[in-house]
Amino acid sequence: MALTRSALRLFSGRFTQACQVRGYADAPSMSLTFAAPSQVLYNNISVKQIDVPSFSGSFGILPAHVPTLAVLKPGVVTIFENDGSTKKFFVSSGTVTINEDSTVQLLAEEAVPVDSLDISAAKELLAQSQSQLASASSEVAKAEAEISIEVSEALVKACE
Amino acid sequence: MFSRSAAIIPQCSQQVRGMATLKMISIRLKSVKNIQKITQSMKMVSAAKYTKAERELKLARPYGIGSQEFYKKAEVKDEEGEKGQLIIAISSDRGLCGAVHSSIGRIVKADIAANPNTKVVIVGDKVRNILQRLYAKNIAMVVTEVGRKPAVFGDAAVVAQSIINSGIEFSKGKILFNAFRTVVSFRTTEMPLYSQSAVANASKLPVYDSLDSDVIQSYTEFSLASLLFYSMKENATSEQSSRMTAMDNASKNAGEMIDKLTMTFNRTRQAVITRELIEIISGAAALETKN
């Protein structure tokens, strides 16, 4: 009995708080700028959700997400647009900034639509990078080969 | 025969004088025509390069503006510190492009005069030549082989990597470049550059969730490369459009010179002919009266 009463109080408290602050349902949708040095994919377009792969874990960004910075890992960015369609892009690296006013800047070094990826070329790249790692002599060369492997593995995974 | 040779000798000396002037004018005329051809072809080449550069700039603008957003939204300010100022001056190796390089050089000089504790990273030979004489000590690094081919992100990454590897420390920083406005105008602008500690002490940084120094370091390094790339693209477009205008003016001036020289040439030629005729006629008249 006491449990349910306290549970009710908790629930009503949160309910009133939600009424004071606007609920997530009508938060302003976020405006996305997704660009690479040589192309613009989205320029201040309002979208529903963005899934990004980052070094601190893959996460999804909804409107009113807490502001943060993250560094992108090679992987697939999924964008859920307002009309319900989904677009996937493979990014090699970059940064994502989520600001207080719900603007998101997704700056990728290279971004390609997943449909234009060729799985055989990706597998070839993976094999090449692995042989590079085997023959790498210096620390720098080893690190570069490891980066190359990471990207090609992500590429192969994106194609599947 | 004697009379003819007698008539010829004074003619020769007059003619030598007249012809030398004629020859000099025609040599000058030929060289100005060549120069006009060269400037016209340079104008065509820059026009083609400008079109390409402007197209690439349009695609790079959202990327460049997006890279600056964080620093504006987080209200990052310059550090209060004594580590000095870092200026990255963007120019190129090639001249004949109007005021593009000299405007950057002028601002760097004024800045160094105001704060002597300034280090300059120069991209492109032209600004290095401007600063070499008086401020060689302030030059930290020079990047050459710039301007022949359009810049790609990899170039900016190489420059950013060298800056990071050199371990330059600064409290204030800026990137100086020429922002492209229209075909006939550009504006020398500065983009602020913030050190890692300036970012860490930003007033709105606590708003940003789950940040550690690793993320801030990677973020600032990547955004240095992005900002450098964007400023290189803008500068390249301004340079090509400025060169186009400069070469166009040069061709027009050369055309005016050619017109003036042609007039002088024709007048001199007619004067020489008239002189010859006068000599012949007066010589013949003298012979006649003698007879």
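B:Thr220 counts as buried because its relative accessibility is 10%, where buried denotes under 20% relative accessible area, exposed over 50% and partly exposed in between, with a 1.4 Å probe and protein chains only. This residue belongs to helix α6 of chain B, helices (H or I, at least four residues) and strands (E, at least two) being DSSP runs numbered from the N terminus. Apart from neighbours within four places in sequence, B:Thr220 contacts B:Tyr71, B:Gln196 and B:Val199, a contact being heavy atoms within 4.5 Å. The model is a predicted one, in which local features need pLDDT of at least 70 and side-chain atom pairs count only at pLDDT 80 or more, while totals for chains, interfaces and linings use all residues. Residues are numbered from 1 along each chain as its sequence is written, chains are lettered from A and ligands numbered from 1 in the order in which they are written, and side-chain values use heavy atoms, without hydrogens and water.

Helix α6, which covers residues 213-290 of chain B, also holds B:Arg243, and this arginine counts as buried because its relative accessibility is 7%. Residues up to four places away in sequence aside, B:Arg243 touches B:Met42, B:Ser46, B:Arg94, B:Gly95, B:Leu96 and B:Cys97. A polar atom of the B:Arg243 side chain lies 3.4 Å from the backbone oxygen of B:Arg94. Between the C-alpha atoms of B:Arg243 and B:Val215, which are 28 residues apart along the chain, the separation is 42 Å.

In chain A, an unreviewed UniProt entry lists residues 30-111 as "domain: ATP synthase F1 complex delta/epsilon subunit N-terminal". This span of chain A is 0% helix and 66% strand, and the end C-alpha atoms of residues 30-111 lie 21 Å apart.

Conventions. Polar contact = N/O pair within 3.5 Å; in protein donor to acceptor, adjacent residues only side chain to side chain. UniProt positions renumbered as here; feature names shortened; annotations may be inferred.
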